Amino acid sequence: MTSSAVQLPGYALALIGLVGSVIATTMVEWKRHSYTESTVTSKETYLGLWMSCTVDATRHTMCVNYKSLFHLPAEILTTRVVMILSVLLSAIGVLVATLGMRCTRCLEEDEKQKDRVAIVGGFLFIIAGVLAISVTSWFANAIIQSFVFSDSPTSLHNRFEFGNAVLVSWGAGICSVVGGFLLGCRYLWSCPQGSRSVSSFTQPKVIPGTRPGTHYV
């Protein structure tokens, strides 16, 4: 398998992971809650990392931006910070990996240096993907814990479930990790294994009982 055959799918997956992380970070559907007492009083509430939205029975949507960081729940504030960090690392990884791609002309005079740059870009994608997966899993666990232990009649109307942004973030993180792994492990295909195998077969073997340099097989 050639190095380009490994690099191109890895770069594509990592780029999809970056786009998915950006979309998930800006989505408002991280947490959702549906309350239906009648067709007149039904209401849906969505909480994102930047704003909250409410949809009434007439499908009228009203969104409000968070005005203060100090009044945000810990899971929303932490997820926002970590997702921004993940997006920044992925963006840097795109720039670094582009320089190390075999299909680009940057650093083409030094192939070893070009390979190292591609590996660094792959590791940046892996770190970004792990951050996205970890913080999303922690966010989802916080939703599960609040849902399971909400037993009072008042809290039953405030139970939240997973939003679509959680699934998008998980998918983006997985794409970043897999893409970064393909970019980072490509040194396995850059090693001159062919020259080693040829040299091992060209080494002469001395027949026992003869002097070196006289008989070979």
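Which backbone oxygen lies 3.0 Å from a polar atom of the side chain of Tyr66? The backbone oxygen of Gly48 does, a polar contact being a pair of N or O atoms within 3.5 Å in which, within protein, one must be able to donate a hydrogen and the other to accept it, with residues adjacent in sequence counted only if both atoms are side-chain atoms. This is a predicted model, in which local features need pLDDT of at least 70 and side-chain atom pairs count only at pLDDT 80 or more, while totals for chains, interfaces and linings use all residues. Residues are numbered from 1 along each chain as its sequence is written, and side-chain values use heavy atoms, with hydrogens and water left out.

View 1. Tyr66 lies in the loop between β4 (61-65) and α2 (74-100), where helices (H or I, at least four residues) and strands (E, at least two) are DSSP runs numbered from the N terminus. Leaving aside residues up to four places away in sequence, Tyr66 touches (heavy atoms within 4.5 Å) several residues, including Leu47, Trp50, Ile76 and Arg80. The C-alpha atoms of Tyr66 and Trp50 are separated by 6.0 Å, although the two are 16 residues apart along the chain.

**View 2. Leu69 in the loop.** Leu69 also lies in the loop between β4 and α2. With a relative accessible area of 46%, Leu69 is partly exposed, a class between buried (under 20%) and exposed (over 50%), for a 1.4 Å probe and protein chains only.

View 3. UniProt, in an unreviewed entry, places the feature "transmembrane region" at spans including residues 81-101; positions are given in the numbering used here, feature names are shortened, and annotations may be inferred rather than shown by experiment. In the model, this span is 95% helix and 0% strand, and its end C-alpha atoms lie 30 Å apart.
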